[in-house]
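Trainee: Please walk me through this model step by step. I am ready to look at it with you.

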Amino acid sequence: MSAPHPQAAFEQSVRHAHAALRAGQAASAEAWLRQLLLQDPGEVNCEWLLGAALLEQGKVPESIATLEALLERAPDFAEARVDLARAYRRDGRAAQAREQVRRVLEKTPHHHRAWLAYGDVLVDLAQYPDAQVAFERARLTDPYRARTEEATAALVADDRKKAEGIFREILTLDAAHVAALTGLAALSLAADVSGDAERLLRHALRQSAHSPLAWRGLAQTLLAQGRLEEALAAARHGVRLEPKNPHTWITIAGVSTRLMRQDEALTAYEQAAQLQPPDVRLRLSIGHVQKTLGKRPESEASYKAALELDPGFAEAYWSLADLKNYSFSAAEVATMEQLLASDKRGRANEAQLHFALGRAYEQRQQYPQAFAHYAQGNALKRLDTPFDIDHFERRSARIRAFFDESFFAARAGAGDPSSAPIFIVGLPRSGSTLVEQILASHSRVEGTMELPNIVAIANEFDDLVPGRDGYPETVRGASNAQLTALGAHYLAQTAPLRGGRERFTDKLPNNFSHVGMIQAILPHATIIDARRHPMDSCFSTFKQHFAQGQAFSYDLGDLGRYYHCYLSLMDHWDRVLPGKVLHLQYEELVRDPETHIRRLLAHCGLAFEAACLAFHETQRSVRTASAEQVRQPLYSSGVGYWRHFATELEPLRRALGDCLGRFEG
């Protein structure tokens with residue numbers, strides 16, 4: 001077999017260097033290109049790629065010098081001129097950059113990279129409308145436009161496998177393709193791999209610094225990572241780039257909601273709705289924010305407006321039911337029953353209709369019919385959101401075994417010294433929102449919401465081993481300094497949610513599994529266990545349609561076993577961290593509010609304030625299923641409510657077993 005022709009081998013090496021550069025390996029590309037230029041000094045493609053590789057590494061003056069010298073010899077080299085424009089832009093010379101790109105577009109009006117570069121320069125010059133035109137021209141001149149649109153359609157249709165295949169195919173041909181990078185980032189984000197999503201988006205933004213698509217994706221990714229202020233800055237930049245795109249306003253609304261800036265979220269959703277009036281989901285989102293703000297009549301009106309747009313939209317019916325004090329009319333019940341019989345939109349829609357009908361029949365005290373609908377709704381949810389209770393039991397046992405007395409003794413002195421956080425843990429529908437509302441009525445406490453940060457830290461420890469099941473054992477590898485840094489990181493991430501008050505709540509119930517890690521990273525934090533009779537707690541959870549995160553709640557047997565795990569863990573924390581957790585029983589709080597509110601405040605190191613007794617008068621945003629209930633005085637009608645469904649709940653009673661004896665009498 002003969003050796004390749006020297007010129008063919010050289011050209012192949014140039015292609016390899018180009019591919020490395022487009023894949024983000026600029027330093028390797030530079031070294032390769034310098035070797036090639038020793039073989040053929042002045043070769044134009046090598047000079048161009050060298051200039052681009054230098055630019056990619058931030059060696060802007062050297063990049064400019066290389067590209068200017070090349071263009072003196074080859075003034076019609078469009079690719080080199082585009083990269084010179086990019087280099088000028090990086091050097092703060094936007095006007096010169098604009099002129100360079102214009103020269104390319106005058107001769108090559110379908111040059112995709114030139115339009116991207118032109119859009120970037122126009123943004124720098126604050127010529128936003130013109131920049132929008134440039135980015136649209138970039139989309140239209142994309143050589144892979146048809147395949148990109150096909151992949152995007154598959155992504156919207158939730159055909160992730162097809163979308164990923166096409167995006168990867170495009171990136172095989174062009175590793176710096178902006179739309180494919182952002183599409184693959186969206187898939188990574190959907191798979192809960194936000195680190196990969198950010199890496200892909202940062203690479204996309206190195207190709208086009210102001211790509212609207214990439215900035216929108218970056219805002220969503222930073223939001224998923226809990227980097228809220230960064231997410232808001234990215235979302236606001238996206239609005240500057242695309243003020244008429246409803247999706248940019250939806251992104252602003254999503255970030256504002258997480259930042260507890262509900263008025264800003266409402267304004268952003270309404271702006272999006274003006275740009276996209278018939279969007280039923282936008283109308284629903286507006287209703288949710290209004291509910292959070294305590295605007296009950298407006299919220300109900302928004303949910304009904306969604307039904308006017310789409311009479312079969314089950315989520316709007318469930319949203320009305322979830323107002324807790326909304327009474328369905330006979331006509332509405334008949335409509336929902338008819339939809340179950342005739343409108344086959346899929347399991348998710350059907351499940352929400354069942355949950356809404358369960359609430360409707362429960363209001364009518366038709367308990368067997370109500371339970372039948374709850375049971376069917378839960379069965380459908382379980383098909384789409386399976387839960388491995390055996391794995392959870394094993395994991396709970398591993399947590400108990402790992403976080404023992406010796407663990408805490410070996411880490412004495414570790415963790416951030418702040419005493420600001422007050423964690424409220426337990427099971428959903430057990431009074432945690434009520435406890436938060438009482439605490440948020442105190443002048444020294446900021447009420448936040450269910451924060452994902454502790455679970456995110458646990459997930460990071462999970463990800464340290466193949467199979468993503470490393471927690472809690474991987475915590476052993478964290479030094480005292482690292483544990484302290486994690487505590488500081490938690491405080492920094494949650495800082496944007498806090499006003500001027502010195503204490504704040506974090507009321508994600510599921511953190512009961514992570515009390516040990518909380519103690520390791522924030523040893524002076526306060527922990528409250530909001531507890532309720534297991535039959536009431538589990539049934540109230542069973543009849544609640546959760547948007548996400550409570551997959552254990554869709555089966556009565558799983559619920560009983562999950563409650564056992566919860567009790568076992570709380571008992572364990574009492575043994576290894578005596579006095580750390582205050583157990584606040586819902587039934588006792590309802591029966592004797594002042595005594596138990598004083599006890600709660602004392603555990604938090606707070607002086608008694610009468611406002612905590614009048615918690616229902618406190619004006620604040622509440623995002624949980626109990627939003628309407630905590631705006632009312634305490635009531636005892638929920639105590640023992642499960643007895644209306646005693647026959648149907650027998651499987652739950654059996655699953656709970658002997659732990660029920662702790663709550664009887």
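Mentor: Five strands make up an open sheet in the order 2-3-1-4-5, with parallel pairing. The edges are taken by strand 2 (445-446) and strand 5; each has a single partner strand, so one side of each has no neighbour in the sheet. Strands (E, at least two residues) and helices (H or I, at least four) are DSSP runs numbered from the N terminus, and two strands pair if DSSP finds at least two bridges between them. This is a predicted model, where local features need pLDDT of at least 70 and side-chain atom pairs count only at pLDDT 80 or more, while totals for chains, interfaces and linings use all residues. Residues are numbered from 1 along each chain as its sequence is written, and side-chain values use heavy atoms, leaving out hydrogens and water.

Trainee: Why is strand 1 described as largely enclosed?

Mentor: Six of the six residues of strand 1 are buried, so the rest of the structure largely encloses that strand. Buried means under 20% relative accessible area, exposed over 50% and partly exposed in between, using a 1.4 Å probe and protein chains only. P421, F423 and V425 point one way from strand 1, whereas I422, I424 and G426 point the other way, and all are buried.

Trainee: And how many bridges join strand 1 to strand 3?

Mentor: Three bridges join these two strands, which run parallel. Within this part of the sheet, F423 stands opposite D506 in strand 3. On strand 4, D529 stands opposite V425, and strand 1 pairs with strand 4 in the parallel sense over five bridges.

Trainee: What about strand 5, mostly covered or mostly open?

Mentor: Strand 5 is mostly covered, as four of its five residues are buried. Strand 4 and strand 5 pair over five bridges, again in the parallel sense. D529 stands opposite H583 in strand 5, and the bridge partner of A530 there is L584.

Trainee: Which strands does helix 25 lie across?

Mentor: Helix 25 lies across strand 1 (421-426), strand 2, strand 3 (503-506), strand 4 and strand 5, and runs at about 160° to strand 1. Helix 32 (residues 593-603) also packs on the sheet, where it touches strand 4 and strand 5, and its direction makes about 165° with that of strand 5. Such angles run from 0 to 180 degrees between N-to-C directions, with axes fitted to C-alpha atoms, for helices over the stretch in contact.

Trainee: Where is L606, then?

Mentor: L606 is in the loop between helix 32 and helix 33 (650-656). At 6% relative accessibility, L606 counts as buried. Not counting residues up to four places away in sequence, L606 touches L439, H442, R444, V445, R503 and L601; contact means heavy atoms within 4.5 Å. P428 is 178 residues from L606 along the chain, and their C-alpha atoms are separated by 25 Å.

Trainee: New topic: how many cavities of 30 Å³ or more does the structure hold?

Mentor: The structure holds two of them. About 30 Å³ of space lies in the second largest cavity. Its lining consists of S430, G431, L434, V435, A530, R531, L584, Q585, Y586 and L589. Two or more of these residues come from each of helix 25 (432-440), strand 4 (526-531), strand 5 (581-585) and helix 31 (586-591).

Trainee: And how much space lies in the largest cavity?

Mentor: About 110 Å³ of space lies in the largest cavity. Residues lining the largest cavity include R22, R86, H112, R113, D174 and H177. Helix 7 (residues 112-124) gives the most to this lining, with four residues. In this grid method (1 Å spacing, protein atoms alone), a cavity is a set of points where a 1.4 Å probe fits but cannot get out, a pocket is an open set with protein on both sides within 12 Å along at least five of seven lines, and lining residues have an atom within 4 Å of a point.

Trainee: Which residues are closest to the centre of the second largest pocket?

Mentor: The second largest pocket has a volume of about 460 Å³. Of its 25 lining residues, H18, R22, E79, R113 and D174 are the closest to its centre. The elements giving two or more residues to this lining are helix 1 (6-22), helix 3 (44-56), helix 5 (78-90), helix 7 and helix 10 (160-173).

Trainee: Last one: is T148 buried or exposed?

Mentor: T148 is buried, with a relative accessible area of 10%. T148 lies in helix 9 (residues 145-156). Leaving aside neighbours within four places in sequence, T148 is in contact with D142, F167, I170, H177 and A179.

Terms used
Points joined across faces, edges and corners; volume = space filled by probe spheres on them.
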